[in-house]
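Please examine the structure shown below before reading this note. The numbered points that follow are meant to be checked against it.

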Amino acid sequence: MNYELNKSLNFIEQIVKSDLAEGKNDGRLQTRFPPEPNGYLHIGHAKAIAMDFGIAEKFGGVCNLRMDDTNPQKEDTEYVEAIERDIKWLGFKWGKVCYASDYFQDLWDFAEWCIQQGRAYVDEQTSEEIAAQKGTPTEPGTNSPYRDRPVEESLRLFREMNSGNVEPGKMILRAKIDMASPNMHFRDPIMYRVLNMEHWRTGNKWNAYPMYDFTHGQSDYLEGVTHSICTLEFVPHRELYDLFVAWMREWGAQTSRFTYQGPRQFEFNKLNLNYTLMSKRNLLVLTKEGVVNGWDDPRMPTICGIRRRGYSPQAILNFIDKIGYTTFDALNDIKLMEAACREDLNTRAIRVSAVVDPVKLVIDNYPEEQVEEMQAVNNPELRDAEGNTIMEGNTHAIHFSKELYIERDDFMEDGGKKFLRLGPGKEVRLKNAYIIACSDEQDENGNYKCIEKDSNGNITCIHATYDADTKSGMPGADRKIKGKTLHWVSCQHSIPCEVRNYACLWTCENPRDAIKQYEKENGVRGIDAMRPFLNPESLIINKNAFIEEFAKGLPALSYLQFQRIGYYNVDPDSTPEHLVFNKTVGLKG
RNA sequence: UGGGCUAUGGUGUAAUGGUAGCACAAGAGGUUUUGGUUCUCUUAGUCUUGGUUCGAACCCAGGUAGUCCAACCA
């Protein structure tokens, strides 16, 4: 990836830069991206990925991919592969793939040390009792009756917790900190719980599993992470993170295992997008209820969905770069993401002609059997040093004939002066071909002779004449006309195709809050609380479109621009027999 | 109602005690074989009240608003 060297650094990059300059961590920089493998990555993760991997790349460090797999109830190997695929697609490379479960033995040994130090104890109360004792944010909690039980007893029970003979919920290991702390995370947090469940990586070795707070900082420490970067909601965890890291440093020193100072946690604002729902729980409902066609539906905010929608990795990264990293809880406008997408696709999309809502156009004075081959530019933004479009290797063949399709809304019977497209008495240019004109002659009933209509009054065919001297590339083509340039395809050379046009899934800016409120007010949950806010027109399929034959041979996910319409890509389900295109984003304006 | 974090045009972000700048959006105009692209221009901002200072968007205090924290989730 290319970074603009002179661009100002975000606040975390500034910290890293000065840490490096001061020689902290022996001049090392190490980060990690720590997803829980319990679902697909979404655009919010992309922001974290761009930070974690990007900062390591930028400052000569390393970033590991670490699966945060401490809860075997929710996690699965299926997601690991999807996560790796998505990160690679975004263009990032990890130092190595790690697993929190790699550290289960170390974590266990450390937990035993904590017990021996009198800093942890086994609690045998029910979860309800523990919750009640925790107090509230405004009232201090009270100590567990098991808090001061003998070290040897806790140690014996802790080992018992992992035997498989303890029922889940009967015992937990808690850190002895401060039940009156204003920070709720300090009120004797749970370190280990019994699950008695097979783990997809460690099998049946463990029955008791560590909690997030007793895993994350420790994993960072064991791995050698210097900067542990996460989102703002983990700010209240930082104090506890630091405490456990300090304990671990002590343990490490006593056992001569570790020497380094340890990682530090930094937080940035997570990505919120308007008209977008990001939460895994709700996304799952959409897939289960068939509102969307799976996790990679082009309307989903998942990375695989956005990829299928037609975004390039660079478009996503550009967008993330534009919104930046701060500590302000912002709500970003989806329009900015679309603008970033257009900006990128403009430089890489191949221009093709596709008529999405066709109406037939007959060139009356064009010879019946004649076919002309012409050249169309693939990408006019491909320019040489003088700023001229490069033609060499940047064109493909198209065919012109007597019968064409044009866009139905490019013709108006009475469009008025501001309508610069086709109509009776109007002249337009056909892209890469000829200037054509419709006559304004009327028959005895006052109907325009250039328009054929069916019995319902719908236009079925338009007649025009071409000016043979105005073929593109010829001197006569320089003639200036008032009308615009229209795209078209030849009836006998174009291919029928399916075009899927997408819009936002949601009709309200903040679907998460809207759904939450609807759930509260109406006592319903899940899909029933979502329906009122779903956009019924988020997918409009057009099966009657035609596209030039050049598009037939393009591979899945090719970036295209349907000229004058928008950016599209080739759907992975598209076949030569049944071409399918997804609308990525419309053209501006 | 305890604690933490935050507040700059409509949106996002920069300015790190010394000229409030950029992008998107919106509007006007020029160019154009995409009503695209591109170019020019316009509109519009430091939440509030005090304090420190020669000087405050920036530091301090109060207020207001938003947000996070009371899972045997991460």
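**Note on chain A and RNA strand B**

1. Val-355 stands opposite Phe-546 in strand 23. Strand 11, which runs antiparallel to strand 23 (residues 539-547), is joined to that strand by two bridges. Strands are DSSP runs of E of at least two residues, helices are runs of H or I of at least four, and both are numbered from the N terminus.

2. This is a predicted model, in which local features need pLDDT of at least 70 and side-chain atom pairs count only at pLDDT 80 or more, while totals for chains, interfaces and linings use all residues. Residues are numbered from 1 along each chain as its sequence is written, and chains are lettered from A and ligands numbered from 1 in the order in which they are written.

3. An open sheet of seven strands has the order 10-24-25-26-22-23-11, with mixed pairing (two strands pair if DSSP finds at least two bridges between them). At its edges are strand 10 (350-352) and strand 11 (354-355), each pairing on one side only.

4. Around RNA strand B there are 68 residues, of which Asp-68, Ser-127, Pro-137, Tyr-212 and Ser-472 come nearest (a residue is near if its C-beta atom, placed from the backbone, lies within 6 Å of the strand). Among the elements that give two or more residues to this surface are helix 1 (11-21) and helix 12 (334-348). Helix 12 gives the most, with four residues.

5. Chain A contains 14 helices and 26 strands. Its C-alpha trace spans about 105 × 55 × 40 Å along the principal axes.
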